[in-house]
Amino acid sequence: MGKYFGTDGFRGEANVTLTVEHAYKIGRFLGWYYGRNRENEKCRVVIGKDTRRSSYMFEYSLAAGLTASGADCYLLHVTTTPSVSYVVRTEDFDCGIMISASHNVYSDNGIKLVNCQGEKMDEETILKIEAYIDGIAGEIPFATGEDIGRTIDYAVGRNRYIGYLISLATRSYKGKRVGLDCANGSSWMIAKSVFDALGAKTYVINNDPDGTNINRNAGSTHIEVLQQYVIDKGLDVGFAFDGDADRCLCVDEHGDVVDGDKILYIYGSYLKERGKLAGNTVVTTVMSNIGLYKAFDEAGISYEKTAVGDKYVYENMMSNGYRLGGEQSGHIIFRKYATTGDGILTAIKMMEVMLEKKKTLAELAEPVHIYPQVLKNLPVADKTAAVNDEKVAEKVEQVAEALGDDGRILVRESGTEPLVRVMVEAATPELCRKYVDEVVEVIESRGYGACAVS
């Protein structure tokens, strides 16, 4: 990770740790960098944004920087992160930018960059951008005269993405009662359009963004809202997205959560049955529940474990030719169809399995017995020092030995926030809390910071 960019872009409080000056400089650099070798042709960059109040401000700052460096800037307006990735890779853009802080509160924002293949930007380019932001990479010339770039309304790109999603469904959704929680974010218009077009009886909540209510008691980070809604309305299934709709959590007909681990099991088993699970392997992260791995073992499915972040999941999939991977949080990558996590695509794929196998979501998820898990997030001044502290490491090893094969402990740095995350899975919630508290006590006794429960 760089100084500004983490595992999922440059994220921070709007105009505090992520400012309009940062956005302008990012635009200036990208417009110059991708346009410097073009002859008689302008660099083309596409921008999407979520519904945060500050997203408009950052959109204009990025556009100003890009056009000042001679790039043409295509605006998708409010759209999802995966739609930016789709448009970039299918319509000959040099790169793409998504303005979003994903599941964070509305006062935060972020800038996510993707390359011309619709994949997350490479580290080498990110470091060059950071060097320019810090003023150590030299000056970039301004475009003048007819070389100055322009902005173009490109809502048509978003519409093509919607058409693409609709084309991926294998059957009509007629007769299915589907709930959608749009988190007052990027999916607020797109998701309903897709499910309506496929014939579902669609029930939508949290689709009235006002710039400050994104993720507020809504979406995949507050799944309990959709759980109750599915029960109250007697729905067949529900899907909850995050702020930029690159993740999805599901709710079955009983109101129970089907998280990313269960989604990976359901679709992985479906592909295996059809002889289409490349390498007989699903890619997970170290945060996946031990119950998923036991279910995979029972089903005869192999798995890989990566660091947390869909970036690392995708890199593993690309290196090994795997087709399915993702995170417990609901970032699921279907590599045949997308280069990034896509919440609406995930919902379509869950509908596919339900319809093709003629089973409910609860029936499909039943073989996965999730172990109780407790996670605590600790704000710290130096997360690397805390994780690598000798006494902390000793305590973690003691807990791991005590858990044996019936649980596990994971202590790691957050990739997007100044936090250390302590997670324990065990046979009972009480045992989880006991071991988490023991590790937290050691971290705090070593002077690294106060504990905050997630």
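**Helix α15**

Modeller: The buried residues of α15 are Cys432, Tyr435, Val436, Val439, Val440, Val442 and Ile443, where buried means under 20% relative accessible area, exposed over 50% and partly exposed in between, with a 1.4 Å probe and protein chains only. Viewed along the axis of α15, these buried residues fall within an arc of 160°, so they line one face of the helix; the arc is taken from the directions from the helix axis to the C-beta atoms.

This is a predicted model, in which local features need pLDDT of at least 70, side-chain atom pairs count only at pLDDT 80 or more, and totals for chains, interfaces and linings use all residues. Residues are numbered from 1 along each chain as its sequence is written, and side-chain values use heavy atoms, leaving out hydrogens and water.

On the other side of α15, the exposed residues are Glu430, Glu441 and Ser445.

Helices (H or I, at least four residues) and strands (E, at least two) are DSSP runs, numbered from the N terminus.

As for length, α15 covers residues 429–445, and its 17 residues should span 24 Å at 1.5 Å a residue; the end C-alpha atoms are 24 Å apart, which agrees. The expected span is 1.5 Å times one less than the number of residues.

Just after α15 comes Gly447, with a positive phi of about 85°.
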